[in-house]
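Good morning, and thank you for making time for this presentation. I would ask you to keep the sequence and the structure in view while I speak.

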Amino acid sequence: MASQNQDPAAAASSSAAALKANESGNSATRGSVSKRLQQELMTLMMSGDKGISAFPESDNLFKWIGTIDGPQATVYEGLRYRLSLEFPAGYPYQAPRVKFVTPCFHPNVDDQGFICLDILKDKWSALYDVRSILLSVQSLLGEPNNESPLNTTAAELWADQGAYKAHLQSTFQK
C-alpha cells in the first residue's frame, strides 16, 4: 500500500496545496461575480431608465440598495420604494435575494417584503441582470399576479382600484 509508505510531510504539503487550490477557485469565482456586478452597475448607470436605480451598499459589491418608482398610470404612481438585493457567490447562475425595504402593500409582496416573482425563483436565468430585475419588479407593481398572492388582503382589494389606492396612500411610509 503506497499511501502507508508516503512521507507525512509530503502528504501534508499535498493537502495544503489542494486546499489552497480550492480556495483560489472560490476567490476566482468571487472575482468573476464581482466583475459581473461591476459591469452591471455601469450598464445600469448608463441605461438612462427612469424610475429605477441601484448601487452597492457601502463597499460590499454583493449587497445593493435599489429604488423603484411606482409606474405611471397605476395606483403606485408617485411612490418610491427601496429594495435590498443580495447576490450569492453563484450569481448569475443563482438568483439574488430581492426584497422590499420600504413596506409595500401588494398582492405579490408579503409582510417581510419578500416578492413572489417567477424570475426570482424557478424562471431565473443567468441572462437577467440588476436592470431587468428592477424593471420586472416595477412592472409587477402595476400588474400583480392575483392567481398566487402572498398578501390575500391586497389581492382581494385589487379589484376596487379606488379603495386599493386609498388603502395604499394611508399605509405608505416614505
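Let me begin with a definition: helices, of at least four residues, and strands, of at least two, are DSSP runs numbered from the N terminus. Please also keep in mind that this is a predicted model.

With that in place, I turn to the salt bridges. How many salt bridges does a search of the whole structure find? The search finds four, and I shall discuss some of them.

In one of them, the side chains of arginine 36 and glutamate 40 meet at 2.5 Å, N to O. These two residues are four apart in helix H1, so about one helical turn separates them. Is glutamate 40 buried or exposed? Glutamate 40 is buried, at a relative accessible area of 5%; the cut-off for that term is under 20%.

Another salt bridge joins the side chains of arginine 131 and aspartate 49, at 2.4 Å, N to O. This pair links distant parts of the chain, 82 residues apart: arginine 131 belongs to helix H2, while aspartate 49 sits in the loop between H1 and E1. Both partners are partly exposed, with a relative accessibility of 31% for arginine 131 and 24% for aspartate 49.

A further salt bridge is formed by the side chains of aspartate 69 and arginine 80, at 2.6 Å, N to O. Because aspartate 69 lies in strand E2 and arginine 80 in strand E3, the pair ties together parts that are eleven residues apart in sequence. Aspartate 69 counts as partly exposed, at 22% relative accessibility.

Next, the interior. In soluble globular proteins, nonpolar side chains tend to be buried together. Here, the largest nonpolar core has 39 residues, of which Trp64, Ile68, Tyr76, Tyr81, Phe100 and Ile115 touch the most other members. Two or more residues each come from H1, strands E1 (52-57), E2 (60-69), E3 (80-86) and E4, and helices H2 and H4 (161-171). Which element provides the largest share of this core? That element is H2, with six residues.

On the surface, Met42, Met45, Met46 and Phe55 form a nonpolar patch, with about 460 Å² of accessible area together. Helix H1 (residues 8-47) gives the most to this patch, namely three residues. Methionine 46, which lies in helix H1, is exposed, with a relative accessible area of 67%.

Glutamate 57 lies in strand E1 and is partly exposed, at a relative accessible area of 36%. Its contacts, beyond neighbours within four places in sequence, are Lys63, Trp64 and Ile65. Between the C-alpha atoms of glutamate 57 and glutamate 86 there are 9.9 Å, although the two are 29 residues apart along the chain.

Finally, the annotation. Which residue does UniProt list for "active site"? The unreviewed entry lists Cys116. Cysteine 116 is placed in the loop between strand E4 (97-100) and helix H2 (130-142), and counts as partly exposed at 27% relative accessibility. Not counting residues up to four places away in sequence, cysteine 116 touches Asn108, Leu140, Ser148 and Leu150.

Thank you for your attention.

Definitions and conventions. Residues numbered from 1 in each chain as written. Predicted model: local features only at pLDDT ≥ 70, side-chain atom pairs only at ≥ 80, totals over all residues. Heavy atoms only, no water. Patch = residues over 30% accessible without salt bridge, like charges linked within 9 Å, V, L, I, M, F, W, Y side chains within 5 Å. Areas by Shrake-Rupley, 256 points an atom, 1.4 Å probe, with all protein chains shown as cover. Buried < 20%, exposed > 50% of the residue type's maximum accessible area, 1.4 Å probe, protein only. UniProt positions renumbered as here; feature names shortened; annotations may be inferred. Contact = heavy atoms within 4.5 Å. Core = buried A, V, L, I, M, F, W, Y, C linked by side-chain atoms within 4.5 Å.
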